[in-house]
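Please open the model in your viewer with the sequence panel beside it, and follow the stops below in order.

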Amino acid sequence: SRVLAISSQVVRGHIGLSAAVPALQALGHEVWPLVRRQVPEATLTIVGPDPPASVVQMDREITVTGWVERVEPYLERARVSVAPLRFGAGMKGKVGESLAAGLPVVTTAVGAEGIVAGDPESNGVLVGEDAGSLAAACVRLLQEDALWQRLSDAGPRVIGSRFGRAAVSAALEELVTAEAAARCEPGFRAKEATGPHFLAFWSEAMRRALEGGAAGDWRGGAE
């Protein structure tokens with residue numbers, strides 16, 4: 001019954017980031033005691049570099065690893081990943097990383113931003129906004145095998161379909177092609193910026209933009 005809390009950008013970031021510390025303190029002081037009341041054998045591990053004393057000293061029964069070489073072993077051993085973020089912006093890497101590994105996530109609406117679309121459970125996530133609801137979600141995943149399996153299966157599927165290499169490549173090409181077509185000379189055909197000429201065209205367009213060249217001078221296609 002292992003629960004895992006990952007700090008922002010495990011290898012490259014820091015637990016000391018402003019959004020991470022309040023979240024981990026709330027987890028240790030407010031959420032975790034409620035989980036342990038119902039699942040006494042549950043363990044909590046907090047992974048990430050540079051943990052402040054306020055996190056390290058929360059509870060002797062909470063393991064705080066500090067920096068780790070690889071987070072994958074912790075993802076593989078955990079039953080639940082929890083990210084009780086109260087504020088923050090952008091996509092949360094720890095949420096996506098956990099889902100991609102088939103590890104169900106308990107988080108807040110803030111933590112789900114940018115990743116969860118529609119029903120959270122169909123994305124591999126349970127959402128709560130206070131200590132009671134976050135703890136209840138953790139307990140459900142620790143005790144309900146069918147729920148855990150459903151969310152575990154959903155996470156990699158969602159991450160792959162929305163953020164996998166093919167999905168991101170297609171979205172990027174569409175975005176860049178549309179931008180290129182809007183900026184190039186009249187009569188430019190968007191398809192000329194794709195295929196074998198795409199990278200050469202866009203590299204030249206970006207070079208001209210960085211040098212201050214007029215957008216209207218950009219040419220479609222590359223010889």
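In which helix does Leu 147 lie? Select helix α7, residues 145-163, and Leu 147 will be found there; helices (H or I, at least four residues) and strands (E, at least two) are DSSP runs, numbered from the N terminus.

Before going further, note that this is a predicted model, in which local features need pLDDT of at least 70 and side-chain atom pairs count only at pLDDT 80 or more, while totals for chains, interfaces and linings use all residues. Residues are numbered from 1 along each chain as its sequence is written, and side-chain values use heavy atoms, with hydrogens and water left out.

**Stop 1: around Leu 147**

Leu 147 counts as buried because its relative accessibility is 3%, where buried means under 20% relative accessible area, exposed over 50% and partly exposed in between (1.4 Å probe, protein chains only). Now show what surrounds Leu 147: apart from neighbours within four places in sequence, Leu 147 is in contact (heavy atoms within 4.5 Å) with Glu 121, Leu 126, Arg 140 and Leu 141. From Leu 147 to Glu 121 the C-alpha to C-alpha distance is 8.9 Å, although the two are 26 residues apart in sequence.

**Stop 2: α6 against α7**

Two packed helices are described by the angle between their axes and the distance between the axes. On the α6 side, display Arg 140, Leu 141 and Gln 143, which meet Asp 145, Leu 147, Trp 148 and Leu 151 of α7. This contact of α6 with α7 has four nonpolar, one polar and two charged residues (Ala, Val, Leu, Ile, Met, Phe, Trp, Tyr, Cys and Pro count as nonpolar, Asp, Glu, Lys and Arg as charged, and the others, Gly among them, as polar).

**Stop 3: α1 against α6**

Among the residues making the contact are Glu 30, Val 31 and Leu 34 of α1 and Ala 131, Leu 134 and Ala 135 of α6; by class, the residues of the contact of α1 with α6 divide into nine nonpolar, three polar and one charged.

Beyond its neighbours within four places in sequence, Glu 30 is in contact with Gln 25, Arg 86 and Ala 131.

**Stop 4: two backbone positions**

Go to the loop between β2 (43-47) and α2 (53-56), where Asp 50 is placed. Phi of Asp 50 is near 55°, a positive value in a residue other than glycine. Next select Gly 102, which follows α4 and has a positive phi, near 80°.

**Last view: the whole chain**
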